[in-house]
Amino acid sequence: MTGWPVSPNTSVSRSSLDLRAPIGLSEWDESDTTVARPRLLDRADIPVETVQLAGFLIGKMLVRVLAEGVAAGRIVETEAYPIGDPAGHAYRGITPRNRALFLERGHAYVYLAYGISFMLNVSSEAPGVGAGVLIRAIEPTHGIAIMEQNRGTERVRDLARGPGRLSAALEIDRRLDAIDLCQAGPLWLGSDGRASGEIGQSKRIGITRAADSLLRFYVRGNRFVSGPQTLNR
């Protein structure tokens, strides 16, 4: 693996890292001027409240460290599942399966939906309070060849357009459940300083409870956003 000093299973102390540089990155492809070097998000900068976090994450970077290299993309679509939401996995309390939703904000909650696709969520709220944000889509920016191999397609638009496709493209599964996304490691959240673009809101996709709540956030006009056109206007 080239240009990534942190192996997928290595824990790194943040005190030993230069926070001005991209955390975990020693080399980013500078030949592509559209892809800036991201920095690790600091937990202190992340909103506690779930709906605020869902909007905040739009435009941020999701970075995956694999043996083959680094794959990354800009988050363009999220859904909030706040406190007391009957559609949320934390609604009936903590269980062995959903315990990551009750961790401090900024941890990964990964679950298998319908026995088919893994879904990546970011925990929110205070420790011990169950809530989170589903990452629905990213715009691929780095390691596209890795994502194409993982997904078995060269259609870049469809690599990570939807939460199941996203997890397949980045090899996200239950092994990443509960990891800290604000620490250098196999999966982390970053920022390259770019503006997110105009953010739209709509009702969430594929749920029956609290189905009309406007808790889905997306980048207007972005071709990597999932869902029907009626929700993306």
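Let's start with burial: of the 233 residues in the chain, 54% are buried, where buried means under 20% relative accessible area, exposed over 50% and partly exposed in between, with a 1.4 Å probe and protein chains only. Keep in mind that this is a predicted model, where local features need pLDDT of at least 70, side-chain atom pairs count only at pLDDT 80 or more, and totals for chains, interfaces and linings use all residues. Residues are numbered from 1 along each chain as its sequence is written, and side-chain values use heavy atoms, leaving out hydrogens and water.

Now the fold. We have 3 helices and 9 strands, taken as DSSP runs numbered from the N terminus, with H or I of at least four residues for helices and E of at least two for strands. Along the sequence the pattern reads β-α-β-β-β-β-β-α-α-β-β-β. As for contacts, meaning heavy atoms within 4.5 Å, 60% of those with a separation of 6 or more come from residues 24 or more positions apart.

On to charges. How many salt bridges does the count come to? It comes to 13, with a salt bridge being a side-chain nitrogen of Lys or Arg within 4 Å of a carboxyl oxygen of Asp or Glu. One of them joins the side chains of Asp180 and Arg43, at 2.6 Å from N to O. That pair links distant parts of the chain, 137 residues apart: Asp180 is in the loop between helix H3 (163–169) and strand S7 (187–191), and Arg43 in the loop between strand S1 (39–40) and helix H1 (50–56). Both Asp180 and Arg43 are buried.

Another salt bridge brings Arg204 to Asp85, at 2.4 Å from N to O. Arg204 lies in the loop between strand S8 (199–202) and strand S9 (216–219), and Asp85 in the loop between strand S3 (69–81) and strand S4 (108–113), so this pair ties together parts 119 residues apart in sequence. Arg204 counts as buried because its relative accessibility is 4%, and Asp85 counts as buried at 5%. Arg204 also lies over the face of Tyr81, 4.5 Å from the ring centre; the rule there is NZ of Lys or CZ of Arg within 6 Å of the ring centre and within 35 degrees of the ring normal. The charged end of Lys60 sits over the ring of Phe56 too, 4.0 Å from its centre.

For a network of salt bridges, have a look at Glu77, Glu79, Arg136 and Arg216.

Here is a residue I'd like you to look at: Glu125, in the loop between strand S5 (117–123) and strand S6 (132–142). What is the nearest side chain of opposite charge to Glu125, and how far away is it? It is Arg105, 9.1 Å away, and Glu125 is buried yet has no salt bridge; in this bookkeeping Lys and Arg are positive, Asp and Glu negative, and His and the chain ends are not counted. What Glu125 does have is a side-chain polar contact of 2.7 Å with Thr50, a polar contact being N or O atoms within 3.5 Å; within protein, one must be able to donate a hydrogen and the other to accept it, and residues adjacent in sequence count only if both atoms are side-chain atoms.

Ser124, in the loop between S5 and S6, is buried, with a relative accessible area of 0%. The side chain of Ser124 joins that of Thr50 in a polar contact of 2.7 Å, and reaches the backbone nitrogen of Gly132 at 3.3 Å.
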